[in-house]
Amino acid sequence: MPQWRSVFMSDVLQNKLKLIAIDEAHCVSEWGESYRKEYQRLFELRNFFDVPVMALTATSTKEVKGDIFKYLQLSDECTDIVFKSPDRANIYIQFYKRVTSDYDESLKWLIDHLRLRGIASKKNIVYCRSIDRVSEIFCTLKDSLGVKAYIDGIKDPNNILIEMFHKSTHQDSKDRILKEFKLKESRIRCVIATVALGMGLDIRDVDLVVHIGCPKSVLSYWQEAGRCARDGRQGLSLIIYDMFTVSLKNTAKDIAKVVQNKDNTCIHTQVLSLLSDQKTVAILSESDICSGCDLEHCDCSSCRCCSVCIEKCPCQKRCLFNVQTFLKQERHCEDDK
């Protein structure tokens, strides 16, 4: 008998195991076919233990839910589903199409922010589709900032404000970057990364998540966008897309449709409709849209939703909430209120 089988059949596990819990269950679908094929065999645990199975995930499309049921061999009649909307109302969503191939131009707002604010810059993550793009953007930011890429202009690796993070990054460097980036007063203000900076990351005070190019899917987009503003502060998700990444074979049609947004529909509504069993998900009602106010800067729900909904507010010229104005605001979290 194989050793692992004897462990599973031991009296200790047979008598004391009360539940099989599978966290981040969307990985059964997302990675089970190409990355970790063993994930599709998790159902075999049920052959050894006559206990309930619980699958947990914060983000799941209808297709992913079907895969979870399939690969864990769950049945509709014997499974209870507890669902909570994955909406993050404190994250403003902005998309725009990249019009230049020069990242020093399309990311000028970020370069200017880092140059002006330095160690006081808002903490941000820039996601890229490839390691080559990560390297290109890192070099662009570093070269454009010059000595301003370092605290107090002192050129020392321990003073640099920006870092790279991808699967080929040495493990020691990964550990060092994560340890530093998690600090409230981290000297790292910007991490350019691939999906390697991903699951399980819980840094509460990230202000901004940027995607360079179209994300691979709605599922991956919402997981990555959701890594900002976890402490309740106002956060911003920005996608700078291009038609090349939109049309790639491994770009899901759902996210390509959302990013291009030909129907000019609320972005929150589109994303959440794809992450819910409900046919429609109403994010904003007519009562949420300001009818005109006396505030210097309108702060209604519509203005804080997305770059589509903000256009519906009659105060639009006085709020103009976008990444540039967001970076000028002071940093506030829910605990400060």
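Leu56 counts as partly exposed, because its relative accessibility is 35%, and partly exposed means between the cut-offs for buried (under 20% relative accessible area) and exposed (over 50%), with a 1.4 Å probe and protein chains only. Leu56 lies in the loop between strand S2 (53–55) and helix H4 (62–71); helices (H or I, at least four residues) and strands (E, at least two) are DSSP runs numbered from the N terminus. Please keep in mind that this is a predicted model, in which local features need pLDDT of at least 70, side-chain atom pairs count only at pLDDT 80 or more, and totals for chains, interfaces and linings use all residues. Residues are numbered from 1 along each chain as its sequence is written, and side-chain values use heavy atoms, with hydrogens and water left out.

Together with Leu19 and Met54, Leu56 makes a nonpolar surface patch of about 220 Å². Such patches take residues with over 30% relative accessible area and no salt bridge, joining nonpolar side chains (Val, Leu, Ile, Met, Phe, Trp, Tyr) within 5 Å and like charges within 9 Å. The areas come from the Shrake-Rupley method with a 1.4 Å probe, and for residues only the protein chains shown count as cover.

Let us turn to charged pairs. If a salt bridge is a side-chain nitrogen of Lys or Arg within 4 Å of a carboxyl oxygen of Asp or Glu, the count comes to 12 salt bridges. One of them joins Arg41 to Glu44, with the closest N and O atoms 2.9 Å apart; Glu44 is partly exposed, at 26% relative accessibility.

Another salt bridge joins Asp112 and Arg115 at 3.1 Å, N to O. These two residues are 3 apart in helix H6, so about one helical turn separates them. Asp112 is partly exposed at 31%, and Arg115 is partly exposed at 34%. Lys108 joins Asp112 and Arg115 in a network of salt bridges.

Where do Asp205 and Lys123 lie? Their side chains meet in a salt bridge of 3.0 Å, N to O. Asp205 is in the loop between strand S6 (190–193) and strand S7 (208–212), and Lys123 is in the loop between H6 and strand S4 (124–127), so the pair ties together parts 82 residues apart in sequence. Both Asp205 and Lys123 are buried.

Finally, helix H6 (residues 108–117) packs against helix H7 (residues 131–145) at an angle of about 50 degrees, with axes 10 Å apart.

How values were computed. Axes are lines fitted to C-alpha atoms, for helices over the stretch in contact, and angles run from 0 to 180 degrees between N-to-C directions.
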